[in-house]
Amino acid sequence: MREELTIQLRGDYASATGEDMTCDFKWESFSEKDHEMWRFLYNRIKPVVKDKVCKEHQEGMKLLGFDDEKGIPNYDRISDRLEQLSGWRLVTVPGYLPPEVFFRHLARKHFPVMTFIRKHEEVDYLKEPYIFHDVFGHVPMIANPTFANYFHAFGEGGLKAVANESTSFIDTLYWFTIEFGLINTPEGRRIYGAGITSSMGESGYALSEQPAHIGFDLKRIMRQKYRIDEYQKQYFVIDSFEQLVNATKPDFIPIYKEVSGMTPVEIGSTLPTDKIFQPGTLA
Ligand code: PHE
Ligand code: FE
């Protein structure tokens with residue numbers, strides 16, 4: 001997850017050298033306790049999200065062999081499989097990265113994962129991202145070539161936004177697609193956003209009648225305000241990953257200009273022009 005930090009970074013930044021801020025952390029350094037933590041989280045959430053996440057995520061888990069792993073999936077093995085499937089690899093980083101460094105990784109088809117897992121007592125409340133979110137939430141989606149292409153284009157677009165001096169609109173797009181996106185499928189509405197997938201609570205809440213479900217609209221999303229420390233009051237729903245890829249193909253620079261002249265949309269409010277799939281019971 002990329003979000004503003006409200007708590008102290010505790011990654012070992014001294015180990016991160018070079019322009020890409022990767023560290024030479026080895027998967028082998030995880031302790032038995034770390035693996036145990038993974039098993040606890042994995043076994044707990046799997047049945048909960050089983051019928052809620054999109055088939056691309058489930059397929060990704062299968063292709064990457066998550067069930068064959070005895071704990072935190074082996075990063076080298078996952079990277080080798082990902083490379084065959086979509087051309088991506090995992091790299092390890094100490095914690096949050098500055099936008100430019102983060103987007104550069106995506107543009108190189110490198111997905112940065114953290115090197116620490118939470119402690120048991122932190123599991124359900126810490127907002128800080130951690131390897132369970134990164135690896136369980138994001139990585140299976142990257143095994144899907146269409147989604148992987150979107151993520152790659154996102155990296156290049158992010159670098160362009162950095163050069164253009166503002167990442168706030170593209171950060172919002174990241175939030176409502178990669179982290180909190182929903183998708184309509186023949187089987188019903190499903191989750192593809194990693195922030196929902198890796199959350200015991202939000203995975204149930206997001207698909208409940210409480211929040212609003214609004215049809216994907218690029219400029220509309222860029223105007224949406226959000227908070228990072230509570231469940232979302234509205235989610236944006238795509239009809240397919242192709243729709244997402246096509247809608248984000250145009251050059252964003254003129255779009256940023258246009259959106260910056262429009263009023264932001266308050267959390268929980270909808271617009272007359274919104275395509276409302278579900279109004280939500282919260283508003
Ligand atoms: N088309 C976008 C741009 O020109 C790049 C992008 C693609 C951004 C996909 C996000 C997602 O900036
Ligand atoms: Fe994330």
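These legends describe close-up views of a predicted model.

Local features need pLDDT of at least 70 and side-chain atom pairs pLDDT 80 or more, whereas totals for chains, interfaces and linings use all residues. Residues are numbered from 1 along each chain as its sequence is written, chains are lettered from A and ligands numbered from 1 in the order in which they are written, and side-chain values use heavy atoms, without hydrogens and water.

**View 1. An open sheet of five strands.** The strand order is E4-E3-E6-E5-E7, with mixed pairing. Strands (E, at least two residues) and helices (H or I, at least four) are DSSP runs numbered from the N terminus, and two strands pair if DSSP finds at least two bridges between them. E4 (188-191) and E7 (276-278) are the edge strands; each has a single partner strand, so one side of each lacks a neighbour in the sheet.

**View 2. The pairing of E5 with E7.** Strand E5 (residues 212-215) runs antiparallel to E7, and two bridges join them. Isoleucine 214 lies opposite isoleucine 276 of E7.

**View 3. The two faces of helix H2.** In H2 (residues 55-63), Glu56, His57, Gly60 and Met61 are buried, that is, under 20% relative accessible area (1.4 Å probe, protein chains only). Down the helix axis they fall within an arc of 140°, taken from the directions from the axis to the C-beta atoms, so they line one face of H2. The face turned away from this buried side carries Lys55 and Lys62, both exposed (over 50%).

View 4. Just after H2, glycine 65 has a positive phi of about 70°.
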